[in-house]
Amino acid sequence: MNATHTEPIPNPLDRQAGFVVPAALEAEIDELISHYPAKRSASLMVLHAIQDRFGWISQEAVEWTTRKLDLQPIHVYELVTFYPMFRQQPMGKYQIKVCRTLSCALGGSHPLHEHFCGALGLDHTKHGPQTTKDGKFTVEFVECLAGCGTAPVMMVNDDFYESVSHAKADEILGKCK
Ligand code: FES
């Protein structure tokens with residue numbers, strides 16, 4: 001199918017002023033695309049590369065990817081909105097993910113989440129990720145992190161923590177500079 005780039009994105013994502021893909025990243029993305037027989041097959045990898053660089057996927061990022069892969073915006077938008085690993089808003093420098101699946105829920109993940117929200121001035125009753133005003137922390141619930149035997153478990157960025165008491169939570173926060 002020939003791409004005309006005329007179909008609008010159904011519900012526009014957040015805008016990102018000054019979105020520019022640096023030459024080095026574009027070269028990396030071109031290299032990624034070269035591994036696939038059809039450009040479209042590289043969509044997820046391209047989005048991951050963009051998110052690794054910018055931390056989230058904005059409307060501008062979707063439009064750029066659309067042009068890069070000769071697609072319609074909906075083809076990229078549907079991936080960003082389907083897969084939970086793609087972020088649709090800027091995230092904090094430290095992303096705190098508290099598991100809320102059964103073992104962790106029974107092991108105290110809800111009070112733990114509330115503890116983090118209280119410590120960071122966030123509303124634990126709100127749905128979805130919440131980010132502090134200074135952009136330093138994002139707190140959210142996630143599903144099973146595969147550490148069910150040592151509930152409650154959580155992650156800060158790529159670091160994994162088990163059997164997290166409230167005291168341990170404070171210690172973890174204290175290490176986030
Ligand atoms: S239920 Fe929390 S890690 Fe599996």
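**Helix packing, cores and loops**

Leu 112, His 115, Phe 116 and Ala 119 of α6 meet His 166, Ala 169 and Leu 173 of α7. Contact here requires C-beta atoms, placed from the backbone, within 7 Å. By class, the residues of this contact comprise five nonpolar, two polar and no charged. In that scheme Ala, Val, Leu, Ile, Met, Phe, Trp, Tyr, Cys and Pro are nonpolar, Asp, Glu, Lys and Arg are charged, and the others, Gly among them, are polar.

Before I continue, please note that this is a predicted model: local features need pLDDT of at least 70, side-chain atom pairs count only at pLDDT 80 or more, and totals for chains, interfaces and linings use all residues. Residues are numbered from 1 along each chain as its sequence is written.

The axes of α6 and α7 (residues 166-175) come within 10 Å and cross at roughly 40°. That makes α6 oblique to α7. Axes are lines fitted to C-alpha atoms, for helices over the stretch in contact, with angles from 0 to 180 degrees between N-to-C directions. Angles under 35 degrees count as roughly parallel, over 145 as roughly antiparallel, 65 to 115 as roughly perpendicular, and the rest as oblique. The crossing of α6 and α7 is right-handed, that is, the near helix is turned clockwise from the far one by less than a right angle.

Which residues does Leu 112 contact, leaving aside its neighbours within four places in sequence? They are Val 98, Pro 152, Met 154, Val 164, His 166 and Ala 169.

Leu 112 also belongs to the largest nonpolar core, which has 16 residues; those with the most contacts inside it include Ile 96, Val 98, Phe 116 and Val 139. A nonpolar core is a set of buried Ala, Val, Leu, Ile, Met, Phe, Trp, Tyr and Cys residues joined through C-beta atoms within 7 Å. Buried means 20 or more other C-beta atoms within 10 Å of the residue's own, exposed 12 or fewer, and partly exposed in between. The elements giving two or more residues to this core are β1 (94-99), α6 (109-120) and β3 (137-142). Of these, β1 gives the most, with four residues. Apart from this core lies another, of 13 residues, among them Leu 13, Val 46, Leu 69 and Val 76.

Helix α3 (residues 59-68) and helix α4 (residues 73-82) pack at about 130°, their axes 8 Å apart. They are therefore oblique to each other, and their crossing is right-handed. Val 62, Glu 63, Thr 65 and Thr 66 of α3 make the contact with Pro 73, Val 76, Tyr 77 and Val 80 of α4.

Let me turn to the backbone. Most residues other than glycine have a negative phi, and most peptide bonds are trans. A cis peptide bond joins Ala 151 and Pro 152, with omega about -5°, and Pro 152 lies in the loop between β3 and β4 (154-156). Ala 146 is found in the loop between β3 and β4 and has a positive phi of about 65°.

Finally, the chain contains seven helices and five strands; helices (H or I, at least four residues) and strands (E, at least two) are DSSP runs, numbered from the N terminus. Of its 177 residues, 24% count as buried.

Technical notes:
Contact = placed C-beta atoms within 7 Å.
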